[in-house]
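Please look over the sequence and the structure shown below before reading on.

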Amino acid sequence: MTVLQVVALRSAKNAGLSIPQQTLDNAVKYVKKCYDQRSGGFSYQPGGSPGFARTSAAIYSLQVCGLYDDLMVQKGSEYLIKSIEKGEIREWFTYGHFYAAPAQYMIGGEIWKKWYEKVKAILLEDVKAEKDIYYWEPKRDRGRDVGPTYCTSIFVSVLAIPYHYIPLYQR
């Protein structure tokens, strides 16, 4: 929920609504309180255990607030890559990638390239085909009832980022 609120605040400010800078600063402070220094990941609440989706959402929300080069964003990005390499994404796989993809894309360079190649390989391994229809089942979401439409829309968006089909991710 935090990332949705931060993005909404930032979008409102970008649209010209009066959003006090202190409100955005407080949002950033809260996200940073959820940082786990040992792992580089972020938790849902301060002092909780870090996770892939929580870290994805946290670094994305920090970037939306302009903290592109923040050390916590860099460490969070490393956490995401390690999670993929170790196969440690046990929950919220699809949701986590919804935020991980643009977050890693905004970091760019070798980080984006390394992350994207790993995720692309996983996604292409999991794609299902029936005649000329391709889709994803929520195989990696550990029983979460997210469904193939949700998974397919997220994963197509992830795979499309480097092709610049989505205006938000055009460079």
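At what angle do helix 4 and helix 6 pack, and how far apart are their axes?

## Helix 4 and helix 6

Helix 4 (residues 71-85) packs against helix 6 (residues 109-126) at an angle of about 30°, and their axes lie 11 Å apart. Helix 4 is therefore roughly parallel to helix 6, as angles under 35 degrees count as roughly parallel, over 145 as roughly antiparallel, 65 to 115 as roughly perpendicular and the rest as oblique. Helices are DSSP runs (H or I, at least four residues) numbered from the N terminus, while axes are lines fitted to C-alpha atoms over the stretch in contact, with angles from 0 to 180 degrees between N-to-C directions.

This is a predicted model, in which local features need pLDDT of at least 70 and side-chain atom pairs count only at pLDDT 80 or more, while totals for chains, interfaces and linings use all residues. Residues are numbered from 1 along each chain as its sequence is written, and side-chain values use heavy atoms, with hydrogens and water left out.

Helix 4 passes helix 6 in a left-handed crossing, that is, the near helix is turned anticlockwise from the far one by less than a right angle. The contact (heavy atoms within 4.5 Å) is made by Ser77, Ile81, Ile84 and Glu85 of helix 4 and by Ile111, Lys114, Trp115, Lys118, Val119 and Ile122 of helix 6. By class, the residues of this contact of helix 4 with helix 6 are six nonpolar, one polar and three charged, where Ala, Val, Leu, Ile, Met, Phe, Trp, Tyr, Cys and Pro count as nonpolar, Asp, Glu, Lys and Arg as charged, and the others, Gly among them, as polar.

## Helix 4 and helix 5

Helix 4 also packs with helix 5, at an angle of about 125° and with the axes 11 Å apart, so helix 4 and helix 5 are oblique to each other. In this left-handed crossing, Val73, Ser77, Leu80, Ile81 and Ile84 of helix 4 meet His97, Ala100, Gln104 and Ile107 of helix 5. The contact of helix 4 with helix 5 comprises six nonpolar, three polar and no charged residues.

## Helix 1 and helix 2

The axes of helix 1 and helix 2 cross at roughly 155° and come within 11 Å, and helix 1 and helix 2 are therefore roughly antiparallel to each other. Thr2, Val6, Leu9, Arg10 and Lys13 of helix 1 form the contact with Gln21, Thr23, Leu24, Ala27, Tyr30 and Val31 of helix 2.

## The largest pocket

The largest pocket has a volume of about 350 Å³. On a 1 Å grid over the protein atoms alone, a pocket is an open set of points with protein on both sides within 12 Å along at least five of seven lines, a cavity is a set where a 1.4 Å probe fits but cannot get out, and lining residues have an atom within 4 Å of a point.

Of the 17 lining residues of this pocket, Met1, Tyr44, Arg54, Ala57 and Tyr95 lie nearest its centre.

## The cavity

There is one cavity of 30 Å³ or more, and the largest cavity has a volume of about 50 Å³. Its lining includes Phe93, Trp136, Arg140 and Phe155, and is made up of six nonpolar, one polar and five charged residues.

Note on methods. Grid points are joined across faces, edges and corners, and a volume is the space filled by probe spheres set on the points. Helices (H or I, at least four residues) and strands (E, at least two) are DSSP runs, numbered from the N terminus.
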